[in-house]
Amino acid sequence: MMASFSQFRLKGLVFLAIVIFALPLFITNPFHYGLATQIALIAGAVVGLNLLVGFAGQISLGHAGFFGMGAYFSALMTSNYGWSAIPALVVGAVGVAIIAWAVGRPILRLKGHYLSMATLAVGFIIAIILNNEREITGGPDGMPVPPFDVFGWELSPFGQYSLFGMEISGDLAWYLFAGVVLLVAVWLAQNLIDSPIGRALRSVHGSEVAASVVGVNTAKYKSLVFVISAVYASVMGALYGHFQGFITPSVASFDFSILLITMVVLGGMGSTIGVIIGAVVLEVLPQVLADFQEMEMVMFGLILMLTMIFMPKGLLPTLTGYLNKRRARSAGGDA
Amino acid sequence: MFKKITRRAGKLTAIAAAGLLAMNVQAADPIRIGSFLSVTGPASFLGDPELKTLEMYVEKINKDGGVLGRQLELVHYDDAGNASKARNFASRLIRSDRVDIIVGGSTTGATMAAVPMVEQAKIPFISLAGAVVITSPVKKWVFKTPQTDRMAAERVLNDMKARGLTKVGLISGTGGFGSSGREQTLAAVQEMGGIEIVADETYGGSDTDMTAQLTNIRSTEGVQTILNFGFGQGPAIVTRNYAQLGIELPFYQSHGVASDGFLELAGSSADGLRLPASPLLVPESLPESDPQKPVVEAYKSEYEARWNSKVSTFGAYAYDGLMLAVEAIEKAGSTDKEAVRDALESIQGHVGVTGTFNMSADDHNGLEADSFRILEVQDGGWKLIN
């Protein structure tokens, strides 16, 4: 049972890698690379959020706050203090981890609606600070972010790079980089899920009382996964800022928090590949529907509503469940 | 039954496709004008009139034969006031829709998010957002039509000085508009000299009572006049509190409240206050000698006839943006991006609704502070002062 379980996860990772590296064969427009890069980075944050929501069964309605903190810390350090992007990203992530731990300890004692309210408040506080500290963050008008750099080598969506002797555009380079980051994020998440920590988290999800009765330190594991998912958001936020080249407090907004959690729910809570599909759908749909102008929001809402009514477990789990059932039925028919 | 429906749908699609093809043939090689505006979301009061203006004038220009004998085609997306979306749509306009020029960007955030993309792709971009940062420092491909908040501050301070008021109590909102206005007012005071800020108070966007701040200002020694820089309902509350406290000092507001909606909110307590505003609010009181008079009157009556709603200053920014783009394309004689950009930069004496534009290599806005008119509220209406 356990072996097949992790085999399935490995399959998911390989599948994701194939999709990511095969996609450039079908993309001809640099605009689509930009979109795909963005999706990969947001999907990374969603994978982290899924650890908290899908596996530990805790909710966070303020995750964009951590995303925004990572983005702004990296932006401020690289543009105002001449830091290189990687130390800025790491220090930012450590800072977010400390903050997440400090707020996570008390608020994760809350349950259900109370926990959602508390995380909501955390997100709001961060967004308000980013909006109001005009001298530092540029306020609602936002601030520019320098390109991502590694040891003096800059990665800009507008540059030209050579990779293994091939000339590639900055858009493609960013896309490949973001794809690799997403793969690493998924790999780390799946390892965590299959570790003793992952099992402890799932037991918390199942029944917190039962878990604590059999000796799982629920408080410790809950704040641990809260910190991990906040770090995911912070790292992805920092990269997102460098890719965009300009950020406004909307990266930390309530709307964005809701979007992240919707990606988790739509794609399928607890399914790492599923939540990535959720991110893809929710980022691509508005672009497709943009041609419908006024009908955009109506159709967007309708699609979400129908999905939730007919696929309450999320896209991927419903589809795999359906396929498995069919396979079982056809196997039964043969016998 | 179901088959019938699908067959019928198939037929319909075929007809629609044929229609589209025919349209494409007819409108061979149009000039593509790209736009991303905040038509929905918190900044929809900007984007909505802007989009309506663009749609209506693209239609009108096409009916009159287009530009350079070519039709205009408006490609528009709604960024909902979100900077990341604005960047995506700018990218889409440039790389996927391959537009010839961009007129858009309702908010400063949306504009600035698109700027790196625009500069890199080397495509002329006329922004409709207010802040100074958009055109200062000058960016080669970026232009803008609204006056800056700096000009509003200068205009107000000059009017104060002309009335012999030199000790100003400043009160401002903490939102984007108010805090930027406060910064620019302080900077303008520094530069102009002969006038000083003696009190500096702020209020939050959702505050419902500003009597404390106003009382502080009133009790400041030597204060001669009060200026409020803010947006939304805040300034209306300040105005009401001002009247309730019975403060007798001359009162100024910013261009942020230059709309009829503000007059309704503030009621009779607004009487006597002054503010810098677009001539669009008082087209009939402009003197006949004013070159802007016919342009302003035409825009107002055409907009109101077409949409059956009140004209707004923000729509006028889009009008000016589109007309500047058209003039530049005509001057350049083609849609070659470099030529259009150079033509934009050399536009002189272009009379728009917002003001008269004189572009140059180091001024991509082209407006002077006196393109703002100083208005006074009298008996619940606007009165032109100068």
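The model is predicted. Chain B contains 12 helices and 14 strands. Its radius of gyration is 23 Å, close to the 21 Å that the globule rule gives for 386 residues, so chain B is as compact as a globular protein of that length. Along the principal axes, the C-alpha atoms of chain B occupy a box of roughly 80 × 55 × 40 Å. Of the 386 residues in this chain, 50% are buried. The contacts of chain B can also be viewed by sequence separation: among those between residues at least 6 apart in sequence, 66% link residues at least 24 apart.

Attention now turns to chain A. Two packed helices are described by the angle between their axes and the distance between the axes. In chain A, helix α3 (residues 63-80) packs against helix α4 (residues 85-107) at an angle of about 140 degrees, and their axes are 9 Å apart. Because angles over 145 degrees count as roughly antiparallel and those from 65 to 115 as roughly perpendicular, this value makes α3(A) oblique to α4(A). The crossing of α3(A) past α4(A) is right-handed.

On the α3(A) side, the contact is made by A:F66, A:M69, A:G70, A:F73, A:S74, A:M77 and A:T78. The α4(A) side contributes A:A85, A:A88, A:L89, A:G92, A:A93, A:G95, A:V96 and A:A100. Classified by residue type, the contact of α3(A) with α4(A) comprises 10 nonpolar and five polar residues, with no charged residues.

Key
Residues are numbered from 1 along each chain as its sequence is written. Chains are lettered from A and ligands numbered from 1 in the order in which they are written. This is a predicted model: local features need pLDDT of at least 70, side-chain atom pairs count only at pLDDT 80 or more; totals for chains, interfaces and linings use all residues. Helices (H or I, at least four residues) and strands (E, at least two) are DSSP runs, numbered from the N terminus. The radius of gyration is taken over C-alpha atoms; the globule rule is 2.2 Å times the number of residues to the power 0.38. A residue is buried if 20 or more other C-beta atoms lie within 10 Å of its own, exposed if 12 or fewer, and partly exposed in between; C-beta atoms are placed from the backbone. Two residues are in contact if their C-beta atoms, placed from the backbone, lie within 7 Å. Axes are lines fitted to C-alpha atoms, for helices over the stretch in contact, and angles run from 0 to 180 degrees between N-to-C directions. Angles under 35 degrees count as roughly parallel, over 145 as roughly antiparallel, 65 to 115 as roughly perpendicular and the rest as oblique. A crossing is left-handed if the near helix is turned anticlockwise from the far one by less than a right angle, and right-handed if clockwise. Ala, Val, Leu, Ile, Met, Phe, Trp, Tyr, Cys and Pro count as nonpolar, Asp, Glu, Lys and Arg as charged, and the others, Gly among them, as polar.
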